[in-house]
Amino acid sequence: MSPLESDSIESVFKIYNNLPGALAVFDIDNTLVQTIRVHCDNQSHDKLGGDAWFGFFLQASQGLYGKQKGLDLAVALYAVLQEMAQHQVVEHALVDLFAACRDQPKKPMIGLTARGPEVRAITQATLTNLDLQFTSKSGSQGDADPYTFLVDGEEVQFSHVVIFCAGRDKGKVLTAFLNTPKGQSLSQGCQSVFFVDDSERNCRAVLQAMENADLDCKAVHYTYMDKPEHQYTKADAKRDKPFVHGLLKVHGLLEELSESSGESEAVRCSR
């Protein structure tokens with residue numbers, strides 16, 4: 001089964017609103033929220049700290065330090081940048097569409113993000129500032145304290161109605177959550193799951209994982225942010241290199257890696 005595709009959030013919600021008793025599961029970055037810039041010392045660094053930047057930096061970092069160390073560096077720097085970043089909704093119509101569903105107790109909505117729990121606070125603050133709070137069927141925002149469950153023996157957190165995957169397979173994480181008491185309570189009475197993500201790979205992972213689940217599943221690959229102007233380029237990386245290098249040093253991330261890889265490589269990693 002293949003995901004649907006849409007570059008319009010209004011079309012996405014039209015599909016959702018025509019599905020009775022559907023639990024909506026939304027990705028956050030580049031689906032709901034866009035990181036537009038990091039502003040520091042009277043300088044703006046457009047697109048720095050966003051989804052496109054993360055993919056660019058992760059590839060460079062893992063090429064230098066290996067899969068795990070490169071991931072650790074990218075995640076640590078991402079957390080720093082998110083604290084400094086300015087955000088906006090991906091499409092302006094989203095706020096009203098979210099509010100309309102939030103007022104309907106039979107339209108439960110949760111988040112499923114690749115972010116890790118280390119950015120839980122800034123994630124919740126960003127969603128609140130943009131008026132994109134997720135809701136449960138009861139109309140409340142759910143438990144504020146993290147709810148922990150296991151995926152392949154590792155802990156995953158559910159907090160403020162958002163599942164923090166920390167880079168894990170979203171299909172595995174979602175199906176594991178739906179089998180927990182918390183997930184079963186949230187999806188009680190639902191006939192299907194409606195999943196939206198800007199990554200086609202994530203959409204396919206969820207569809208595959210849900211094939212044998214009790215709930216039907218429909219997924220939409222949301223492509224609004226695929227436009228060239230939203231991509232992070234080599235020119236952007238060259239512009240941001242001194243600033244990123246400075247952040248690595250200030251936050252001690254450079255020193256941690258220099259012991260095994262050398263400082264010169266960490267400088268190269270910000271290209």
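Predicted model: local features only at pLDDT ≥ 70, side-chain atom pairs only at ≥ 80, totals over all residues.
How many residues in the lining of the largest pocket are nonpolar, how many polar and how many charged?

1. Pocket lining by class. The lining of the largest pocket divides into eleven nonpolar, nine polar and 13 charged residues. That lining has 33 residues.

2. Pocket volume and centre. The largest pocket holds about 930 Å³. Asp 51, Phe 54, Ala 114, Arg 201 and Asn 202 are the lining residues nearest its centre.

3. Elements around the pocket. Three helices each give at least two residues to the lining of the largest pocket: H2, H3 (67-84) and H8 (200-209). H2 supplies the largest share, with five residues.

4. Cavities. The whole structure has two cavities of 30 Å³ or more.

5. Cavity lining. Asn 30, Gln 34, Thr 35, Lys 47 and Gly 50 contribute to the lining of the largest cavity, among others. Asp 51, Ala 52, Trp 53, Met 225 and His 230 also line this cavity. Strand S3 (33-40) and helix H2 (51-65) are the elements that give two or more residues to that lining. The largest share, three residues, is from H2.

6. Cavity lining by class. Five residues in the lining of the largest cavity are polar, three are nonpolar and two are charged.

7. H2 gives the largest share of the lining in the largest cavity and in the largest pocket. Asp 51 lines the largest cavity and is one of the residues nearest the centre of the largest pocket.

Notes
Residues numbered from 1 in each chain as written. Heavy atoms only, no water. 1 Å grid on protein atoms, 1.4 Å probe; cavity = no way out; pocket = protein on both sides within 12 Å on 5 of 7 lines; lining within 4 Å. Points joined across faces, edges and corners; volume = space filled by probe spheres on them. Helix = DSSP H or I, 4+ residues; strand = E, 2+ residues; numbered from the N terminus. Nonpolar A, V, L, I, M, F, W, Y, C, P; charged D, E, K, R; others polar.
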